[in-house]
Amino acid sequence: MTSEKGNKLARVIPEESLNNKLADEPKLDSTSQKRIGDQLRAMYDELMQQPVPDRFKDLLDQLDKKEQEKPR
Amino acid sequence: MTPEPDLRDALLAAVPSLRAFAISLSGQVDRADDLVQDTLLRALSNLHRFERGTNLNAWLFTILRNLFHSEYRKRRREVEDPDGSYAGRLKVQPEQGSRLDFEDFRSALAKLPPDQREALLLVGASGFSYEEAAHICGCAVGTIKSRVNRARFRLASLLNVDDVDDLGPDSMTRAALQNSI
């Protein structure tokens, strides 16, 4: 890649050109991408499997009751 | 407006994914739970704004994400994490005996700029499409794609994913051995 071009890029990048801009960004090979993705999902799954704290159940139950008492 | 039972169940069903997102985004379980609580409260008081038939999860994620950012702007100095203390605070090891060690991954995730972290979490973990993620973040699809791409690239270099020696069962075993010493 030569460095002659590129110094006078428009300062405002129109939205639609961002997709093209992606092509200029370094991109991971699919193997690395998969590894990152697998690790991310594994970490996330662990969080998802945590039991829901009671406070959220209580919160929704309480609001249920409160709303029912309100005359509307 | 009384939340219908099925809506209440739907909100409750959304909590695990909201929590996972909030914890990964903020790096603090307590703060994440506060964020989820505020999200539920705000959702309940704005139920009339929710369009039935559209994606409830996406709507909730939008609320949570906006709450996080308005709080983030307020507490920017506190939240910036040059020394990786985000990762230090993030101690979520619910299941003892889990053989997977996510510490490296978490600390790498913490080093990403928030907008990249958020985009990666939405697309790579929460299961949203690029279009949905763009809607949630209020930006263009191309912006999300670019952020996700940068996030992956940055993570790969932080985790040395390109280095084949560091990968696979060997590194897992090594990590396990190191931990057991």
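**Exercise 1: Aromatic pairs**

Find how many aromatic pairs there are over all chains of this predicted model, and describe the one formed by B:F21 and B:F61.

*Solution.* Step one is the count: it comes to three aromatic pairs over all chains. Step two is the geometry of B:F21 and B:F61: their ring centres are 4.9 Å apart, with 35° between the planes. Planes under 30 degrees apart would count as stacked and those over 60 as edge-to-face, so this pair is classed as tilted. B:F21 belongs to helix α1 (residues 5-26) of chain B and B:F61 to helix α3 of chain B, so the pair ties together parts that are 40 residues apart in sequence.

**Exercise 2: From a pair to a cluster**

Work out which aromatic pair B:F61 forms with B:F128, and which residues make up the aromatic cluster.

*Solution.* Start with the rings of B:F61 and B:F128: they lie 4.9 Å centre to centre, with 70° between the planes. That angle is over 60 degrees, so the pair is edge-to-face. Next, look at where the partners sit. B:F61 is in helix α3 of chain B, while B:F128 is in the loop between α7 (114-125) and α8 (130-137) of chain B, so this pair ties together parts that are 67 residues apart in sequence. Now put the rings together: B:F21, B:F61 and B:F128 form one aromatic cluster.

Are these residues buried or exposed? Buried means under 20% relative accessible area. B:F21 has 0% relative accessibility, so it is buried. B:F61, at 1%, counts as buried too, and B:F128 is also buried.

**Exercise 3: The surroundings of B:T39**

Locate B:T39, decide whether it is buried or exposed, and list its contacts.

*Solution.* First, find B:T39 in helix α2 (residues 29-45) of chain B. Second, check its relative accessibility: the value is 0%, so B:T39 is buried. Third, follow its side chain, which reaches the backbone oxygen of B:L35 at 2.6 Å. Finally, set aside neighbours within four places in sequence: B:T39 is then in contact with B:L60, B:I63, B:L64 and B:L67.

**Exercise 4: The second largest pocket**

Describe the volume and lining of the second largest pocket.

*Solution.* Begin with the volume, which is about 260 Å³. Then turn to the lining: it has 13 residues, and B:T54, B:A58, B:W59, B:T62 and B:H135 lie nearest the centre of the pocket. Helix α3 (residues 56-74) of chain B gives the most to this lining, with six residues. Sorted by class, the lining has five nonpolar, five polar and three charged residues.

Key
Residues numbered from 1 in each chain as written. Chains lettered and ligands numbered in written order. Predicted model: local features only at pLDDT ≥ 70, side-chain atom pairs only at ≥ 80, totals over all residues. Heavy atoms only, no water. 1 Å grid on protein atoms, 1.4 Å probe; cavity = no way out; pocket = protein on both sides within 12 Å on 5 of 7 lines; lining within 4 Å. Points joined across faces, edges and corners; volume = space filled by probe spheres on them. Helix = DSSP H or I, 4+ residues; strand = E, 2+ residues; numbered from the N terminus. Nonpolar A, V, L, I, M, F, W, Y, C, P; charged D, E, K, R; others polar. Buried < 20%, exposed > 50% of the residue type's maximum accessible area, 1.4 Å probe, protein only. Polar contact = N/O pair within 3.5 Å; in protein donor to acceptor, adjacent residues only side chain to side chain. Contact = heavy atoms within 4.5 Å. Phe/Tyr/Trp six-rings, centres within 6.5 Å; stacked < 30°, edge-to-face > 60°.
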